[in-house]
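Hello, and welcome to my notebook. Have a look at the model below, and then I will share what I looked up.

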Amino acid sequence: MLKNSITFLGTGGGRVVVFRQIRHSGGMWLNLEGINILIDPGPGSLVRIFEHGFDTRNLDVIVVSHRHLDHSSDLNAVVESATESTKKPLNLLASPEDVIEGDDPILLRYLRKGIGEFGIIRENTEINYRDIKIVGTVRHIHEGAQTYGIEFHSQEKKVVYVPCGRFYEGMLEGYSENADLMIFNTTFPAPVEKYYHLSVDDVEQMLLRYRPKKAVITHFSIPMLKSDPEKIAARLSRKADLPVIAAYDGLRVEF
Ligand SMILES: [Zn+2]
Ligand SMILES: [Zn+2]
């Protein structure tokens with residue numbers, strides 16, 4: 001049942017929704033060909049993992065899309081839990097460099113020995129893990145954090161994650177077409193100049209360009225929740241002529 005599925009531990013985005021927990025946060029649990037990957041362990045991730053019947057000790061890989069706390073605050077807690085306090089190292093942590101290095105890394109230094117391998121995500125990079133690849137695609141423009149598009153490829157499947165960032169033309173090149181699943185951090189219903197986040201209009205352009213088999217919108221701000229994500233997903237579905245799902249906390253999507 002779990003094989004080739006993704007479970008949304010939380011679907012909140014933006015400061016207010018996440019830090020007042022109007023929706024849960026905590027990222028996504030992806031199972032690709034039996035490999036368990038936790039993506040973006042934001043606030044509450046450790047709690048939501050067990051609440052949804054998962055166990056951190058079954059994690060193979062953790063992926064952090066960028067260092068902002070809504071995507072990374074529980075990284076240390078989950079590493080501590082998954083590795084039984086660093087005794088059994090996690091196989092792979094994949095992230096941009098500033099999550100683990102530099103002046104102000106997210107990963108605590110004493111937990112580094114709990115990580116078997118560090119994979120650095122940059123533009124056009126591939127990290128191999130068993131039979132799958134974690135691919136860094138396009139650079140995103142996202143304030144104060146190195147951020148890239150991230151894809152997960154197996155022999156059979158492609159899952160594409162479009163994390164936070166301000167839309168620019170460069171995002172219409174470099175992602176895979178016809179992915180089995182494409183996930184968009186769709187923070188705003190319409191473009192907001194001062195924030196570095198995707199809007200529904202941007203997602204529409206990317207859907208038309210990349211034509212995934214199925215898409216999910218998530219990471220919702222207050223204006224997005226007020227505009228009703230379900231209605232927006234239905235409208236995107238009609239316009240792009242492909243299934244678009246509005247994520248809710250606990251949603252599981254198979255692909
Ligand atoms: Zn975010
Ligand atoms: Zn961010």
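My entries follow, from the whole chain down to a single residue.

**Ground rules.** I am working with a predicted model, where local features need pLDDT of at least 70, side-chain atom pairs count only at pLDDT 80 or more, and totals for chains, interfaces and linings use all residues. I number residues from 1 along each chain as its sequence is written, while chains are lettered from A and ligands numbered from 1 in the order in which they are written.

**Whole chain.** I found 7 helices and 15 strands in the chain; these are DSSP runs numbered from the N terminus, helices being H or I with at least four residues and strands E with at least two. I then looked up the radius of gyration, taken over C-alpha atoms, and the globule rule, which is 2.2 Å times the number of residues to the power 0.38. The chain comes to 17 Å, close to the 18 Å from the rule for 255 residues, so it is as compact as a globular protein of that length. Along the principal axes, the C-alpha atoms fill a box of roughly 50 × 40 × 35 Å.

I traced 7 strands in an open sheet with mixed pairing, in the order 6-5-4-3-2-1-15; two strands pair if DSSP finds at least two bridges between them. Strand 6 (115-120) and strand 15 (252-254) are at the edges with a single partner strand each, so one side of each has no neighbour in the sheet. Inside the sheet, I followed strand 3 (residues 35-39), which runs parallel to strand 4 (residues 61-63) and is joined to it by 3 bridges. Ile-39 has Val-63 in strand 4 as its bridge partner.

**Two helices.** Which residues of helix 5 meet helix 7? I listed Val-200, Val-203, Glu-204, Leu-207 and Leu-208 in helix 5, against Ile-232, Leu-236, Lys-239 and Ala-240 in helix 7. Here, contact means that C-beta atoms, placed from the backbone, lie within 7 Å.

**His-153.** I ended on His-153, which lies in strand 9 (residues 148-153).
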